[in-house]
Amino acid sequence: MVLISMFRQTLTDVAFCLACDPKTGLVAYPAGCVVVLLNPRKNRQQHLINTSRKTITALSFSQDGKYLVTGESGHLPAVRLWDVSERRQVSELQKHEYGVSCVAFSPDGKHIVSVGNQHDMMVNVWAWKKDVVIAANKVSSKVTGVSFSEDSSYFVTVGNRHVKFWYLDHCKASTPMPLLGRSGLLGELRNNFFCDVACGRGQKSESTFCVTFSGLLCEFNGNRMLDKWVDLQTSVAQSLSLSWDRIFCSCADGTVRVFSPLDLRFVCTLPRPHPLGADVASVTQVDKNPDQMDARYPDATAVTYDPISRWLSCVYADHSVFVWDVTDLTRVAKVHSALFHAACVWDLEMFPDIPGEMVASVRPVCAFLSCSSDSTIRLWHVDERTHVHSRNILSTDLLKIIYTGTSTAALQEAENLTNTDGQPVESRVGVRTICVSPDGKHLASGDRDGILRIHNLSSMEEILKVEAHDAEILCLEYSKPQTGLQLLATASRDRLIHVLDATSDYSLVQTLDEHSSSITAVRFNDTGTEFRCSHHTVRKTTLYDMGVEPSCKHVAVGCQDVLIFNISNGKQKKLYRGSLCDDGSLLRVQIDPSGQYVAASCSNKNISIFDFRTGECVATMFGHSEIVTGLRFTNDCKHLISVSGDSCIFVWRLAPELTISMQQKLFQLRQPLKSVFLLTYFCLHQVLHSSPDCGEEVCQEMVKVLSGALTSTKAELDLLPSSWPPNSAPWGSEVKGEGDKALALLEQYAELLLKSVERKLESKM
């Protein structure tokens with residue numbers, strides 16, 4: 001399996017969640033256990049996957065751009081060195097006990113410095129080419145930033161009431177020594193929280209620049225003394241990026257201010273991104289839209305500067321990424337942007353593959369929806385070739401955002417929530433589950449307060465909102481089209497299942513109250529409007545999810561293992577391990593559209609694909625840093641999409657052999673096989689012999705050509721298992737049961753074959 005796309009940006013230690021290759025302009029940011037390497041010019045992603053399954057917390061490029069160093073969280077974290085061009089790990093250092101908050105390459109490329117988090121407190125200097133630590137020491141406060149001097153002779157760390165200069169002149173690779181440090185002279189700013197630091201370049205190589213959380217830009221001289229500072233005119237500042245002639249400071253409310261490093265003179269303020277809660281489909285020009293007086297913008301949390309292209313990459317608190325062209329500060333333009341979920345993604349749903357003008361106008365092929373704790377439902381599309389379907393300029397993958405709440409507080413990362421009145425922000429409610437009706441007209445969603453919402457997917461407007469349950473809704477399911485009914489089932493933590501009639505304004509049909517605990521999954525089978533308990537099965541472990549195969553004969557249930565039950569008698573048919581390791585439980589199971597494979601996510605954050613019949617594991621993948629909350633196969637069977645509590649959406653490209661196998665099976669399920677062949681042959685034969693213009697000799701020749709053209713097709717169809725009763729007439733009720741769609745398909749098929757026969761006859765006569 002190959003990870004091809006990722007709809008997510010992870011905010012970790014703010015300033016160190018973003019880096020830029022100074023040679024190629026690649027922008028690197030973490031997403032769970034993965035580092036995304038973004039080419040803003042081509043809008044292409046590459047990925048570095050951390051095999052330790054630990055969250056990436058910091059990263060930094062080497063000066064030549066050949067290597068990338070990363071830090072991670074968790075117990076006994078490693079500092080890992082990656083070859084960027086080959087996308088592989090080349091070395092690692094394990095000297096920290098808890099988490100790594102900062103990493104940096106020295107400009108000469110000889111050393112890497114890593115700083116542990118507030119539980120670790122270690123500062124290590126690593127001569128990575130010799131794989132040895134040459135110096136180490138401890139800090140006494142939380143460190144949030146580190147920067148090397150231009151000549152690589154020292155580096156500076158900053159944090160809570162902390163600015164310290166560490167010198168490497170006495171360090172030798174052969175003998176590890178205590179790291180020598182000297183504190184900066186903070187003066188009257190000694191009680192400030194210093195968020196980020198950058199050592200000067202060029203004429204200001206002896207200076208060191210810092211920003212404080214309270215919104216001050218400070219300069220330290222060559223004697224470690226606080227020389228001057230300016231007020232950024234903001235409530236919060238979090239990071240800065242430095243070039244020889246500019247300082248970029250990220251501030252609150254989407255503001256990025258630019259100063260001159262020579263004298264800290266204010267230069268300009270960059271354009272803001274989209275307002276929180278904006279309709280992304282209606283935004284036309286981000287960089288030229290005037291600020292709205294009552295609008296609120298996401299805080300700018302990290303910035304990094306590309307000195308070659310003179311582009312500035314910014315990450316905002318709503319997890320959006322913008323790249324600005326700052327070549328001319330009087331005409332700043334947006335180069336690239338992408339919008340992502342700001343919190344845990346709970347569920348996703350593929351848009352049904354339905355022909356028709358109405359659906360085609362709403363979404364492209366391979367569209368899917370996701371819901372999140374940020375109280376939004378987002379419509380995405382997967383297209384590896386082009387992005388012609390994008391309806392907005394803010395994101396090439398995102399088509400639409402549905403906001404289920406009126407407050408913008410949930411749209412930002414929790415740590416970045418601020419309130420102008422000084423009051424604590426309201427807690428997140430969030431959308432817990434979603435489901436699309438089989439006809440593609442309605443979207444049902446349930447939130448953590450038990451509220452059911454129905455949206456019209458043509459207009460994206462809310463048409464129904466009702467308090468359906470007393471607790472959060474955990475699952476929604478529409479009935480299958482072949483039942484002839486349009487029902488919606490809602491299952492909740494309040495132990496109730498409500499069955500609603502979608503054709504009658506979602507009126508209540510029946511309430512099922514047989515469960516004694518939270519209901520984690522509900523699925524429809526072929527049924528009527530009367531619901532009763534026919535089988536009762538109890539297991540010692542929690543049953544988290546289930547999926548029904550296309551034939552509706554068996555159901556796969558996820559718990560400690562994958563359990564296969566016979567639906568007709570309720571008995572367990574098979575059991576196979578859902579995880580390759582002994583620990584962990586299966587949280588999600590999803591059967592592919594053909595019914596050949598089942599994808600399962602485990603509490604150990606792994607995703608596995610099993611053969612549904614044999615239980616053989618055919619693929620395993622990982623990359624999420626939190627549990628996987630949802631899985632879906634795309635309608636074309638080419639991709640698997642996963643969502644997680646780390647707010648990431650991963651799109652995995654399936655192996656070609658798996659895709660081919662599923663598509664072949666789908667062909668068998670969706671085509672009436674021998675009946676189609678026999679009916680088409682019968683129709684063509686009747687047409688040919690009833691034609692008044694055809695003589696007997698011509699008719700015989702046409703039948704001969706027709707027979708030859710269809711012989712190979714019949715031979716191939718004979719090798720396939722028929723899905724129709726063998727004793728039925730070729731024009732019997734099974735074909736009529738396919739409805740108008742099947743008959744129209746047969747007519748088109750017959751017409752194409754007839755034209756082919758006519759062309760061959762013309763060439764012979």
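Colleague: Does Asp279 count as buried or partly exposed?

Modeller: Mind that this is a predicted model, in which local features need pLDDT of at least 70, side-chain atom pairs count only at pLDDT 80 or more, and totals for chains, interfaces and linings use all residues. Residues are numbered from 1 along each chain as its sequence is written, and side-chain values use heavy atoms, with hydrogens and water left out. Buried is under 20% relative accessible area, exposed is over 50%, and partly exposed is in between (1.4 Å probe, protein chains only). Asp279 has 32% relative accessibility, so the label is partly exposed.

Colleague: Which residue forms a salt bridge with Asp279?

Modeller: We call it a salt bridge when a side-chain nitrogen of Lys or Arg is within 4 Å of a carboxyl oxygen of Asp or Glu. Here the closest N and O atoms are 3.1 Å apart, and the partner of Asp279 is Lys400.

Colleague: How many residues apart are Lys400 and Asp279?

Modeller: Strands are DSSP runs (E, at least two residues; helices are H or I, at least four), numbered from the N terminus. Lys400 is in strand S34 (residues 398–403), while Asp279 is in the loop between strand S26 (266–269) and strand S27 (300–306). The pair links distant parts of the chain, and the separation is 121 residues.

Colleague: And what is the relative accessible area of Lys400?

Modeller: Lys400 is on the buried side of the cut-off. The value is 18%.

Colleague: How many residues apart in sequence are the parts tied together by Glu472 and Arg432?

Modeller: These two form a salt bridge, with the closest N and O atoms 3.2 Å apart. Glu472 is in the loop between strand S38 (461–467) and strand S39 (473–478), and Arg432 is in strand S35 (residues 431–436), so the parts they tie together are separated by 40 residues.

Colleague: Which residues are joined with Arg432 into one network?

Modeller: Glu472 and Arg432 are both buried. Salt bridges that share partners join Arg432 to Arg448, Glu472 and Arg493.

Colleague: How many salt bridges does the structure hold?

Modeller: Another one pairs Asp245 with Arg246, the closest N and O atoms being 3.9 Å apart. Asp245 is partly exposed at 22%, whereas Arg246 is buried at 9%. The count for the structure is 18.

Colleague: How far is Cys475 from the nearest cysteine sulfur?

Modeller: A disulfide needs a pair of cysteine sulfur atoms within 2.5 Å, and the structure holds 0 of them. For Cys475, which is in no disulfide, the nearest cysteine sulfur is that of Cys435, at 7.7 Å.
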